[in-house]
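Here is a friendly walk through one model, from its ligand shell to its sheets, helices and loops. Please keep the viewer open as you read.

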Amino acid sequence: MPTLETTVNGIKFPNPFVIGSGPPGTNARVICRSFSDGWGGSSAKTVSLDASKVINVAPRYGRLKDANGEPYGWENIELISTMSFDQWLDEFKEVKDKYPDHVLIASIMEEYNKDAWYEIIERCEGAGVDMFECNFSCPHGLPERKMGAAMGQDYDILAEVCGWVADAATIPVWAKMTPNVTHIEDPSRAALNAGIHGISAINTIRSVIGVDLETLRPMPTVEGYSTPGGYSCKAVKPIALRMTMEIAVLIRDHYPGATLSGIGGIETGEDAAEFILLGADTVQVCTGVMKHGYKLVQTMSEQLLAFMEKHGFETIDDFKGKALPYFTSHSDLVARQAKAKADAAAAKEAAKAKKGITQDEAWDGDEFVKQSDELAGN
Ligand SMILES: Cc1cc2nc3c(=O)[nH]c(=O)nc-3n(C[C@H](O)[C@H](O)[C@H](O)COP(=O)(O)O)c2cc1C
């Protein structure tokens, strides 16, 4: 019987399903609910020391739907948590008191200020969280304060901040990366070189969900105006898979022991299997929970276990990264295909030669004696 239990960065997860930072992990009540429904871990909504600077607007979501009305693309212009840091510390304690065996990850974000990062880390650790996820990736609002993606896109600042974090934290830390860069390996390398233990990716993709053709205003429209936001949901999965693969290759080749949490458009156990096959240790789900509710984890677990049983995998590690060796360059694909065709033609010829002539049209003047010999039994 396969097991979903897995150990990542030395921490035991009841299963690899983690709530992605956002509304589904926005206070102790909903985090506890996610754990009671079966999620292995939760990356709580991102916190900062001074929530009074965080002011949300409404509407702040915009969605693209398929023919059945199901959202497949989701833009948000939501900021990090509006709950005060002191209250968050109480909520972290409450979650750990009630669910000591589930993994509580504090998602943290601060300005470019060493003391602030040391303070947020020390106080969250004091509240009993199991791990940190540094949000270097929120693409809207916070970059105006040089936080989030603004930090994740400046690799010198990123390396410096990751160095502070690695120095201050006594528990494992993941750095959550923005996909809004040319090469996801660059920020990942900066974070891992600085001593961060794992990478999570991806956060949302900077986007404009659409323009209202009645009002001629961009969406989501707030008092007639809008601002680019972050795109998530099923539509981003192929991009997230590609970045998962690229980070996994980097980790495999240069940072053995570092871990990877795959995020982006995951809604089924099969989606999760794909991310794990490309090298993820855990998977995170945010928009999927907003669409389907917390019980989604139960279907996902059944689907992932069924996949494992079908292939005879006992643990997550048995198939982690199994698809990775099969990425190569396009020119290598061309060479492989040419060789496969040549091999197939040669095999056909060999088979034909071995069997001898079966159709009269195949007799040939120059090969006549050879063909006669081939048909002889002695
Ligand atoms: C409404 C909303 C709010 C989010 N807030 C945060 C946040 O506070 N911190 C963070 O690191 N990521 C945040 N995210 C990003 C998600 O955690 C995740 O990285 C992204 O949405 C892709 O995964 P998904 O397709 O499963 O949602 C948010 C996403 C959404 C949709």
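How do the residues of the shell around the ligand divide into nonpolar, polar and charged? The shell holds ten nonpolar, 14 polar and three charged residues; here Ala, Val, Leu, Ile, Met, Phe, Trp, Tyr, Cys and Pro count as nonpolar, Asp, Glu, Lys and Arg as charged, and the others, Gly among them, as polar.

Before going further, a word on the source. This is a predicted model, in which local features need pLDDT of at least 70 and side-chain atom pairs count only at pLDDT 80 or more, while totals for chains, interfaces and linings use all residues. Residues are numbered from 1 along each chain as its sequence is written.

**The ligand shell**

The ligand is surrounded by 27 residues, and the closest are Gly-20, Gly-22, Ser-232, Cys-286 and Thr-287. Helices (H or I, at least four residues) and strands (E, at least two) are DSSP runs, numbered from the N terminus.

**The barrel**

Strands of a sheet pair through backbone hydrogen bonds, either parallel or antiparallel. In this model, eight strands form a closed barrel in the order 3-4-7-8-9-10-15-16, with parallel pairing. Two strands are taken to pair if DSSP finds at least two bridges between them. From one strand to the next, the twist averages 25°. Strand 3 (residues 17-19) and strand 4 (residues 41-43) run parallel and are joined by two bridges. Within this pair, Val-18 has Gly-41 in strand 4 as its bridge partner.

Helix 7 (residues 237-254) packs on the sheet, where it touches strand 10 (198-201) and strand 15 (259-263). The direction of helix 7 makes about 175° with that of strand 15. Axes are lines fitted to C-alpha atoms, for helices over the stretch in contact, and angles run from 0 to 180 degrees between N-to-C directions.

A second sheet is open and has four strands in the order 5-6-14-11, with antiparallel pairing. At its edges are strand 5 (61-65) and strand 11 (205-207), each of which pairs on one side only. Direction ignored, neighbouring strands of this sheet are turned by 35° against each other on average.

Strand 5 and strand 6 run antiparallel and are joined by five bridges. Arg-63 stands opposite Trp-74 in strand 6. The two strands form a hairpin with five residues between them, and Gly-69 in the turn has a positive phi of about 85°. Elsewhere in the sheet, strand 11 pairs with strand 14 (residues 229-232) in the antiparallel sense over three bridges. Ser-207 has Gly-229 in strand 14 as its bridge partner.

**Two helix pairs**

Two packed helices are described by the angle between their axes and the distance between the axes. How do helix 8 (residues 269-277) and helix 10 (residues 296-311) cross? Their axes come within 7 Å and cross at roughly 55°. The crossing of helix 8 and helix 10 is right-handed, a term used when the near helix is turned clockwise from the far one by less than a right angle (anticlockwise is left-handed).

On the helix 8 side, Gly-269, Glu-270, Ala-272 and Ala-273 meet Met-300, Ser-301, Glu-302, Gln-303, Leu-304 and Phe-307 in helix 10. Residues are in contact if their C-beta atoms, placed from the backbone, lie within 7 Å. By class, this contact has five nonpolar, three polar and two charged residues.

Helix 1 (residues 28-37) and helix 2 (residues 85-98) have axes 9 Å apart and pack at an angle of about 25°. Helix 1 is therefore roughly parallel to helix 2. Their crossing is right-handed. Ala-28, Ile-31 and Cys-32 in helix 1 meet Glu-91, Glu-94, Val-95 and Lys-98 in helix 2. This contact divides into four nonpolar, no polar and three charged residues.

**Backbone details in the loops**

| Peptide bond | Omega | Loop |
|---|---|---|
| Ala-201 to Ile-202, cis | near 15° | Ile-202: between strand 10 and strand 11 |
| Met-219 to Pro-220, cis | near -10° | Pro-220: between strand 13 (218-219) and strand 14 |

Asn-9 has a positive phi of about 55° although it is not a glycine. Asn-9 sits in the loop between strand 1 (6-8) and strand 2 (11-13).

Note on methods
Contact = placed C-beta atoms within 7 Å. Near = placed C-beta within 6 Å. Parallel < 35°, antiparallel > 145°, perpendicular 65-115°, else oblique.
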